[in-house]
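Work through the exercises below with the sequence and the 3D view open. Try each task before reading its solution.

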Amino acid sequence: MIGFFWRFQIPSSTIYAINDKESPEGAAADYEARLKQLVESKVLPLSAISGFPKFDLMLLGMGPDGHVASLFPSRTHRHEKERLVTFITDSPKPPPPRITFTFPVINSASEIAMVVTGAELANMVDVALGSVPPPDGIPPPCTEVSAEEELTWFLDKDAASKLQTSG
């Protein structure tokens, strides 16, 4: 991953990796503390709307169950409203332990790019964009994503295959 950043000449001093030597709970607490330090040192601004750290851009994907980041439909951590970072130890998708930003942080971003590819995601794209109701009647996490300025969906032909076209 560092190679990716090196290619674009992003200084390593601006890369804040998750501490994978900690437990999920410890890693989440550590990363939240780092974010708070970045806010205190004015490297990362706070959203005037939410009061949470404000990133210029969040790049997100989506799973077939509608999860985003590591916020899964059947896990209560998706409803966290106070913390910046949360964790899960029993993810339904490997690896089981994960840490993730919470929705208040994600939705405080100026812009969010949702990048979704593959036919296996077409049904959930249809749900996420409001064309059809969720099959179980419970809105999946992907429906909770909303940037402060602009949310843009980038879909390949397969992911967009179930969307209705007008005209």
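**Exercise 1. Count the helices and strands of the protein chain, then give their order.**

Solution. Step one: the chain has four helices and five strands. Here helices (H or I, at least four residues) and strands (E, at least two) are DSSP runs, numbered from the N terminus. Step two: along the sequence the pattern reads α-α-β-β-β-α-β-α-β.

Two notes on the source apply throughout. The model is predicted, so local features need pLDDT of at least 70 and side-chain atom pairs count only at pLDDT 80 or more, while totals for chains, interfaces and linings use all residues. Residues are numbered from 1 along each chain as its sequence is written, and side-chain values use heavy atoms, with hydrogens and water left out.

**Exercise 2. What is the radius of gyration of the protein chain, and what would a compact globule have?**

Solution. Step one: take the radius over C-alpha atoms; the globule rule is 2.2 Å times the number of residues to the power 0.38. Step two: for 167 residues, a compact globule would come out near 15 Å. Step three: the chain has 17 Å, which agrees.

Now turn to burial. Of the 167 residues, 39% count as buried. Buried means under 20% relative accessible area, exposed over 50%, and partly exposed in between (1.4 Å probe, protein chains only).

**Exercise 3. Which strands does β4 pair with, and in which sense?**

Solution. Step one: two strands pair if DSSP finds at least two bridges between them. Step two: β4 (residues 111-116) pairs with β5 (residues 150-155) in the parallel sense, over six bridges. Ile112 has Leu151 in β5 as its bridge partner. Step three: β1 and β4 also run parallel, joined by four bridges. There, Leu60 stands opposite Met114 in β4. Step four: β4, helix α4 (residues 122-128) and β5 form a right-handed β-α-β unit. Right-handed means that, with the strands pointing away from the viewer, the path from the first strand over the helix to the second runs clockwise.

**Exercise 4. Which residues have the most contacts inside the largest nonpolar core?**

Solution. Step one: a nonpolar core is a set of buried Ala, Val, Leu, Ile, Met, Phe, Trp, Tyr and Cys residues joined through side-chain atoms within 4.5 Å. Step two: the largest such core has 35 residues, and Leu35, Met62, Phe101 and Ile112 have the most contacts inside it. Step three: elements giving two or more residues include α2 (24-40), β1 (57-60), β3 (98-101) and α3 (103-106). The largest share, six residues, comes from α2. Step four: look around Leu35. Beyond four places in sequence, Leu35 touches Leu44, Phe55, Leu84, Val85 and Phe101. Contact means heavy atoms within 4.5 Å.

In soluble globular proteins, nonpolar side chains tend to be buried together.

**Exercise 5. Is Val145 buried or exposed, and what is it in contact with?**

Solution. Step one: find Val145 in the loop between α4 and β5. Step two: its relative accessible area is 6%, so Val145 is buried. Step three: list its contacts beyond four places in sequence. They are Leu60, Val68, Phe103, Asn107, Ile112, Met114 and Leu151. Step four: check one of these in sequence. Val68 lies 77 residues from Val145 along the chain, yet their C-alpha atoms are separated by 8.4 Å.

**Exercise 6. Where are Lys42, Ala69 and Pro95 found?**

Solution. Step one: Lys42 is in the loop between α2 and β1. Its phi is positive, about 65°, although Lys42 is not a glycine. Lys42 counts as exposed because its relative accessibility is 74%.

Step two: Ala69 is in the loop between β1 and β2. Ala69 also has a positive phi, about 50°, without being a glycine. At 29% relative accessible area, Ala69 is partly exposed.

Step three: Ser70 sits in the loop between β1 and β2. Ser70 counts as buried, at 7%. Setting aside residues up to four places away, Ser70 touches His77, Arg98, Ile99 and Thr100.

Step four: Pro95 is in the loop between β2 (85-88) and β3. A cis peptide bond joins Pro94 and Pro95, with omega about -5°.
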